[in-house]
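Look at the sequence and the model before reading on.

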Amino acid sequence: MDAETAHAAAITGDRRSLARLLTLIESGNINGAELGFGSRVEDGRILGVTGSPGVGKSCLVDRLLHEWAAAGERVAVLAIDPSSPVTGGALLGDRMRMQAADDLDEVFVRSVATRNQPGGLPVRLGAMAGALLDCGYDRVVVETVGTGQAEVRIVAVADRVLLVEGPARGDSIQAEKAGLLELADIVAVNKADLDGAARFAEEIRGSLELSGQAPPVMLVSALEGTGISELVSTLEQLGPARAAQRARWRERLLSEWEAALLTRDDVEQLLDRLESGDTSVPEIVDTFYRGDD
Amino acid sequence: MTLNSIENGKVVVQLKGVRRLDADVSTPLRIVIAKPGLDGHDRGAKVIARALRDAGHEVIYTGLRRTPEQIVRTVMDEDADLLGLSSLSGAHDFLFPRVCNLLVEAELLDVVVFGGGIIPDADRPSLLELGIRAIFGPGTTIEEMLAFVTELGERRAAGEPSGVGEGGDWTWQATGDT
């Protein structure tokens with residue numbers, strides 16, 4: 001199935017063709033930009049969901065999926081998990097926490113391995129999200145790996161960022177130093193069923209108010225399903241993205257730069273030469289700046 | 001290098017957009033490891049998932065207690081190359097054929113299906129006839145399972161039928177099975 005065939009069938013709602021199209025984009029066999037998936041207007045339809053491992057991102061996304069599907073929306077999820085830096089393999093386990101993935105026809109979930117992209121975002125994620133919107137999904141959720149600083153890269157792809165936090169993760173200084181709090185358009189403190197969640201939410205509110213233009217902080221429980229419809233309606237009413245446009249362009253630039261570097265034909269040879277001491281990192285960077293060889 | 005796909009109900013061979021099980025392509029295989037039915041034991045499935053990951057593949061684990069319909073949906077949406085079914089509950093004679101039939105109905109003919117768990121010898125021939133290409137029981141080494149995956153790669157590269165709906169009578173010849 002070539003890309004044009006897959007695209008034509010995927011637009012009519014054929015899941016298998018859509019799945020194949022995503023594979024073709026992901027593996028670099030087709031250039032998403034050629035099919036028009038590369039650029040789009042920011043319209044709030046791509047939501048990034050980030051937060052540390054174990055805060056309940058996948059379970060919360062599952063609740064959101066049910067809510068949106070019940071309202072008649074078609075939603076796609078790109079759930080990212082890390083690839084092993086050693087073997088390149090990956091165990092993709094977000095899907096098993098999303099019951100909606102297997103049960104609701106309005107929902108399409110695709111597990112995506114990082115394939116060792118720095119920043120924790122696969123190079124072609126933007127094109128994959130664009131393809132899903134093009135093929136009739138009303139919104140796309142990108143669930144990130146959830147490890148710290150690198151997560152900032154999500155603003156390169158997502159129009160809005162939902163940061164999921166949980167209680168019992170230390171004091172709010174932990175949340176502040178991650179840097180993501182500054183970029184989040186909305187914060188959901190999950191596990192409201194646990195002690196200390198309400199206080200934790202208050203602490204986050206407090207620290208956000210210090211910086212002015214504070215995003216909404218919601219208390220939810222993915223386990224019990226509380227606060228979910230409030231979260232959905234607040235998501236609908238979000239103002240313009242908080243991440244400064246300049247920060248978004250910065251992340252996009254870095255993302256494209258790394259993609260260009262890592263998809264070079266000679267990247268493996270470069271690594272070989274570095275490993276054997278044949279060349280050095282500054283030398284290679286120098287070559288790039290001077291123009292290609 | 002060939003890629004089999006389905007058009008108008010026929011298996012066609014194309015040369016474009018190749019990435020599948022060719023050994024010289026660095027794109028990892030996508031493998032779904034599934035637990036059909038009410039069986040609550042997934043230690044084996046998790047060991048297999050981990051071994052395949054360590055061999056450089058991308059493994060999607062479904063979690064426990066999935067229906068055949070849910071499993072086929074996962075295979076479709078994830079565009080998986082292989083599907084591993086694990087059952088220790090004795091319900092394999094109902095669940096495995098159901099999954100295979102649904103895969104064929106969904107025209108996912110090129111998906112390679114293998115099984116594992118507690119599958120008595122007497123039950124194996126009929127499952128293999130359905131298009132399941134290998135059944136791994138207790139005592140199977142990880143090396144053997146990976147050898148199966150590698151041989152599949154070679155078969156696919158040579159355009160030999162390996163998927164659940166591609167026919168042919170090839171099955172994995174166990175080397176160290178108990």
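## Terms and model

Two strands pair if DSSP finds at least two bridges between them. Helices (H or I, at least four residues) and strands (E, at least two) are DSSP runs, numbered from the N terminus.

This is a predicted model, in which local features need pLDDT of at least 70, side-chain atom pairs count only at pLDDT 80 or more, and totals for chains, interfaces and linings use all residues. Residues are numbered from 1 along each chain as its sequence is written, while chains are lettered from A and ligands numbered from 1 in the order in which they are written.

## Where the chains meet

Strand β3(A) runs parallel to strand β4 (residues 58-61) of chain B, and 3 bridges join them. Within β4(B), B:I60 stands opposite A:L92.

Chains A and B give 28 residues each to the contact. Here, residues are in contact if their C-beta atoms, placed from the backbone, lie within 7 Å. On the side of chain A, two or more residues come from each of α2 (15-26), β3 (90-92) and β4 (107-113). The largest share, 7 residues, belongs to α2(A). By class, this side has 12 nonpolar, 9 polar and 7 charged residues. Nonpolar means Ala, Val, Leu, Ile, Met, Phe, Trp, Tyr, Cys and Pro; charged means Asp, Glu, Lys and Arg; the others, Gly among them, are polar.

Chain A has three parts: domain 1 (1-30), domain 2 (38-243) and domain 3 (252-289). These bounds come from an automatic or database domain assignment. The C-alpha centres of domain 1 and domain 3 of chain A are 31 Å apart.

Helix α1 (residues 3-11) of chain A packs on α2(A) at about 140°, with axes 8 Å apart. Axes are lines fitted to C-alpha atoms, for helices over the stretch in contact, and angles run from 0 to 180 degrees between N-to-C directions. Residues in this contact include A:A6 and A:A10 of α1(A), and A:L21 and A:L24 of α2(A). The contact has 7 nonpolar, 2 polar and 1 charged residues.

## The sheet of chain A

In chain A, 7 strands form an open sheet, ordered β4-β2-β5-β1-β6-β7-β8, with parallel pairing. At the edges are β4 and β8 (217-219), each pairing on one side only.

A:L78 has A:V142 of β5(A) as its bridge partner. Helix α5 (residues 125-134) of chain A lies across β1 (46-50), β2, β4 and β5, at about 150° to β5(A).

Methods
Two residues are in contact if their C-beta atoms, placed from the backbone, lie within 7 Å.
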